[in-house]
Each structure stands twice: as C-alpha cells, then as structure tokens.
Amino acid sequence: MPSRPAPLLALLTPILWGGLGANISAYAADVHRPPAHTAPAAPPSGATTLSPVDSSDYLVALQAARQDDHAEAARRFAAALAVDPRDAALTRQAFIQSALAGTADAPALARAMSGHPEERTIVTAFVLGNSAILKLDWRAAAETFATMPKDALTRLLEPFLHAWSLAGAGKTDAAIQLLTGPERAASPMTPFYVIHAGLIASVAGDKAHATQLFRQATTQTTGDDLLLARARANLLWQDGHGLEGRALLRRLTDSPTPLALASADLQEAITAPPVTTIPEGAAYAYVMGAYVLRQQAAHVGQADAEKQIDAAAGMMLGMALSLDPHLSVARLMLSEVEENSDHKDIALQVLRGVEATDPLIRVARYRTALLQDALGDPVDARRELEDLEKGQPGQILICRALAMLLFEQKDWAGSAAAYDRAIASAKAAHLADWTLLFGRAAAYERAGNWARAEADLQEARKLMPDEPLILNFLGYGWVQRGLHKDEAISMLQRAASLDPDDAAIRDSLGWALLENHQTQEGAALLEHAAEQTPLDPEVNYHLGVAYWRLGRKAEAIDQWNVALGLKPEPDDLQRIRKALSDAGAPASPVASSTATNGG
C-alpha cells in the first residue's frame with residue numbers, strides 16, 4: 001500500500017499511543033499468563049478428575065503461545081478447556097489464541113466470555129461483530145460495534161464497522177452520514193471515512209454519490225491510496241472515461257516499488273469495483289486499523305512495544321481475513337508482520353492464500369520468492385523470479401532480486417546479466433539508480449573482470465560522489481591492484497569520515513595504510529575492524545599481515561590460522577595459505593580441516 005500523508009501519522013501518534021499501549025500490553029500479558037484457578041469442587045465419591053493445568057495440552061499450549069504459534073496454542077487450549085468448560089480463565093486464554101489464529105470456534109468462545117461483563121473486550125466485540133456480519137445479522141452487528149468498549153483504536157475503527165453494518169441493513173444514507181457527519185470532520189481519519197462512505201454508495205449502486213465522495217476524499221489526501229484509486233478508476237471506466245481511469249492507476253504504479261509489479265493486472269481489473277459486498281468493505285476497515293498500527297510501531301522505537309503493536313496489527317488482519325479470506329492486501333500485510341516476527345514459514349503460508357486471479361498476485365509471488373530464498377530454498381525462489389520476469393521482461397525489481405539471488409549462489413555471470421537487464425530498464429525509464437551499478441560491479445569483480453567493475457563504480461560515483469559504499473569498493477579495489485595509491489587512500493579516508501563506524505571501511509583503510517608502509521596506523525585500524533567483525537576471514541588475514549610486519553610473528557601465525565578456519569573465499573584462502581607457508585608455519589590441523597571441509 002502507498003504511504004499515508006505524514007501529517008496523518010503525526011496526528012495519530014499521540015491519539016493511538018495515548019491509550020492503546022496499555023490496552024495492547026494487557027492483551028499481550030494475557031497471551032502468556034497462566035490462568036489463576038480456584039480450588040476445584042470435590043468430585044463425587046469414587047470419581048477421578050484431571051485439572052486442565054495438569055494436562056499436557058495446557059503445557060504445550062502455553063509454550064506455543066510464548067512462541068506466537070497461535071494456531072497450535074488455540075488447538076491445545078481448546079483440548080485443555082474440554083476438561084473443564086466452566087473455567088473462565090482458561091476460556092479467556094483459549095479465546096485469545098483462537099482470535100489471533102482466526103479459528104472457527106472463536107465466536108462461540110467470545111459468546112461464552114460475553115456472559116461476564118468484565119470479559120467484554122474489543123477483541124470479543126470484533127469477533128462477535130464479524131460473526132454477525134457473516135450471518136447477515138445486521139442489527140446484531142451494528143449493536144455490537146456501536147457498544148464495544150472504547151479505546152484509542154476502537155474510536156477510529158467503530159465508525160467504519162458500524163457504518164458497514166448499517167449498509168448491510170439497507171440503511172445507506174445513515175451509514176454515509178455516520179462516516180461524513182460533522183463529528184468526523186476533525187478526525188485525522190476523515191479522508192478514509194469518506195473513502196468508505198464512497199464505497200458504501202458504490203455497493204448500493206449510487207454511482208453519482210460515490211463519485212462525489214471519492215473526489216472529496218482525493219482533495220483531502222496528499223498521497224495515493226490503492227483502494228481509492230481502484231474505486232475511482234472503476235467508476236471512470238463505467239462512465240466511459242476509461243483512459244482517465246487507467247492514467248490514475250498508472251500514476252500509482254509508476255515508481256519501482258512492489259506495486260509496480262501489479263501494474264498490468266490492475267489495469268485489467270479496472271472493469272470490476274474493488275469492493276462489491278459488505279463483508280469485503282468491513283474487512284478493509286480492519287486493514288486500515290492494521291496499517292495505522294504498523295505505522296505507529298515504526299515510530300515507537302521500543303522493541304517490546306513494537307512487538308506488541310505488531311501482534312495487535314496481526315490480530316486486525318486476522319479479523320479482516322475472517323470476513324474475506326482472499327483479501328490480498330490483508331495477506332500481504334500479514335505476511336510482513338509474520339516475517340518481522342521471524343515466522344517466515346507462516347508468512348509464506350499466508351501468501352499462498354492469494355488467488356491466482358487477484359490483481360496483486362504478482363506482488364505476492366515476488367514476496368514468495370524472497371521468503372523462499374530466506375528459508376533456504378533458492379531453487380524455487382529462482383524459478384519463481386524467472387517465471388515472473390517472463391511475464392514482465394526487464395522489470396527492475398524482479399531483475400534486481402534475481403541478480404542478488406544469483407550472486408549469493410556465486411553465479412557471477414548470471415548475476416551480472418540480470419543486473420544488465422535491470423540497468424537497461426532503469427535507463428529507459430530515466431531512472432538513475434547507483435545501487436544497480438554497484439551490484440553489477442560486485443558481480444564483475446567476483447568474476448575477475450575488474451575493468452568492467454571499475455567502470456560501473458566510476459559511473460555510480462558520478463551519481464553519488466559521497467556514498468561510502470562506492471568509495472570503499474573502488475578505493476579498496478585500487479589498493480588490491482596497486483593502482484592510484486594516493487587517490488585510493490584519500491578516497492578511503494573520505495569514506496571513513498562519512499561512516500566512521502563501518503568495520504569494512506576501517507579494514508580497507510587500515511590495509512591501504514599498511515600497503516603504504518604506515519604500519520602502526522594501519523594495524524590500529526585493523527585491530528579495531530577485527531574486534532567488530534571477528535568472523536571475517538579477510539579482516540583476520542589483514543591483521544595477521546600487520547602483526548607480521550610489526551615483528552609479532554607468533555600472533556600473525558595465530559591470526560592466519562583463525563582466518564583459515566572461517567571459510568574464506570578461494571582467493572583469500574590462497575593468500576592465507578601462502579602467508580603461512582612463507583612464514584614456515586604449517587596450518588594448524590583444526591584450521592586446515594575446517595577450511596578444506598567448508599566448516
């Protein structure tokens with residue numbers, strides 16, 4: 001989804017975090033807190049009983065909950081609850097995990113909890129309200145959302161959900177009034193309330209009112225919104241202004257972002273409105289809530305708070321998918337949330353729920369390839385990217401991802417060729433992207449073609465004269481080849497001044513000084529670099545050379561043996577073995593075995 005206007009985020013930060021933090025913290029605590037149990041009533045004579053907390057299901061459920069495996073936790077808590085269905089604390093635990101996992105028994109558990117006023121939470125309201133929507137019980141849905149407990153999040157979401165429930169009951173005017181009345185005018189969510197009012201008018205078949213509301217929303221936003229753009233483009237197409245609608249979508253997908261992958265499919269989907277049913281519209285409301293939460297997480301700056309907010313965003317997306325299981329924007333966002341929580345396998349599973357006919361399927365497939373690579377499946381990842389490129393030849397994002405994957409596989413020629421296609425497309429689109437030149441230079445350098453690598457680095461340097469990565473790569477390349485010694489040192493010193501904490505730059509400059517016979521200064525830099533990156537074989541090799549030149553020969557041999565055991569690249573391996581051989585010191589058995597066997 002495109003970025004929201006910065007002023008919106010600035011306004012939402014105090015509104016959300018003012019009351020939401022404590023609420024989310026309470027939910028997070030409930031997820032991991034063992035329920036307090038009162039002493040059970042004495043069983044009838046001769047009967048035996050098993051407390052739920054004594055069961056293996058309960059213990060496994062707690063462990064699964066701590067690992068954020070909500071599906072397994074929900075299943076195990078349900079099994080434990082079967083031992084004593086009256087246990088209120090255990091019911092709460094089972095419900096929380098069921099709601100987070102989106103299981104079918106969440107509504108029944110929510111109804112069980114709602115029998116106790118103290119157990120009525122926004123989560124139970126969301127689950128029961130969604131259940132009513134799916135049953136087309138519009139009165140119950142509207143009442144549930146209108147009376148749910150109020151906190152920072154529900155004050156933003158309640159108008160969306162309440163309005164869609166009214167729309168389901170045929171009360172279109174009341175729904176639109178709820179979203180566009182005077183009480184909404186001062187809200188930072190106003191443009192999005194108006195968008196949903198337009199969607200409600202569109203679902204009701206009132207094209208004129210929908211068009212007017214979408215135009216109003218457009219004037220109230222400073223950024224592009226995918227949902228709004230698709231809705232406006234469809235109405236323009238219906239009114240015979242398809243070219244204008246297509247241009248609107250094209251503006252949204254012009255930049256080299258993942259959304260650009262969906263350009264052709266979004267154009268094809270212009271003939272269909274993005275929302276055609278009440279559950280779809282309500283699902284988009286939850287997506288909006290998740291988006292706001294994720295933006296909030298990015299601005300909190302506290303790891304624990306960020307994790308809690310991400311969990312709440314994941315719950316919002318689960319609510320969206322309970323209403324519309326195939327909603328692609330929800331699946332894409334939930335996949336990111338799961339990946340951020342280091343659940344890459346779950347993230348991949350979420351993406352596989354995007355339908356092949358969905359306009360965002362190429363975005364989902366691209367994300368799938370990245371996750372496959374991250375999960376150690378480069379073969380399928382490469383196959384996916386290559387297949388995507390067949391459909392969109394030269395697409396920059398796909399070519400870049402493929403080039404990086406091939407580089408990781410040490411297919412230098414293939415990587416350079418993929419970068420060739422990306423660079424050609426960037427130049428055709430008048431995009432100056434130094435990172436593509438840098439990536440191709442790295443592939444050329446590894447392939448032994450320094451001349452082409454140097455040419456790319458020089459071109460990249462023209463685009464970004466003070467980029468430390470470029471200065472370091474070019475300067476170190478010159479030092480290694482005995483070229484332009486003074487300019488190389490000056491370049492590396494400039495890189496170090498721009499990024500003084502970068503270990504790679506410190507290593508490059510230290511090596512350059514060492515090669516310039518400034519041994520003491522070089523050794524100090526190399527020692528610092530080795531402290532920062534103790535597992536880098538090249539840095540350890542350089543430090544060994546520094547020690548040797550300082551006369552600290554035993555330390556040099558030790559350092560080279562350390563480097564030998566760190567899986568060095570073939571050219572570094574050759575240098576390390578030569579250094580040891582020249583020093584008359586055979587490699588230690590452990591280091592030699594590690595280097596030979598690849599660790």
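**A pocket and a helix pair**

Guide: α23 (434-446), α25 (468-480), α27 (503-515), α29 (537-549) and α31 (570-582) each give at least two residues to the lining of the second largest pocket. Helices are DSSP runs (H or I, at least four residues), numbered from the N terminus. This is a predicted model, in which local features need pLDDT of at least 70, side-chain atom pairs count only at pLDDT 80 or more, and totals for chains, interfaces and linings use all residues. Residues are numbered from 1 along each chain as its sequence is written, and side-chain values use heavy atoms, with hydrogens and water left out.

Visitor: Which helix supplies the largest share of the lining of the second largest pocket?

Guide: The lining of this pocket has 28 residues, with Glu-445, Arg-446, Phe-473, Tyr-476 and Glu-538 nearest its centre. A pocket is an open set of points on a 1 Å grid over the protein atoms alone, where a 1.4 Å probe fits, with protein on both sides within 12 Å along at least five of seven lines; lining residues have an atom within 4 Å of a point. The largest share, six residues, comes from α25.

Visitor: Are α26 and α27 roughly parallel or antiparallel to each other?

Guide: Helix α26 (residues 485-498) packs with α27 at an angle of about 150°, their axes being 9 Å apart. Axes are lines fitted to C-alpha atoms over the stretch in contact, and angles run from 0 to 180 degrees between N-to-C directions. Angles over 145 degrees count as roughly antiparallel. The two helices, α26 and α27, are therefore roughly antiparallel.

Notes. Parallel < 35°, antiparallel > 145°, perpendicular 65-115°, else oblique.
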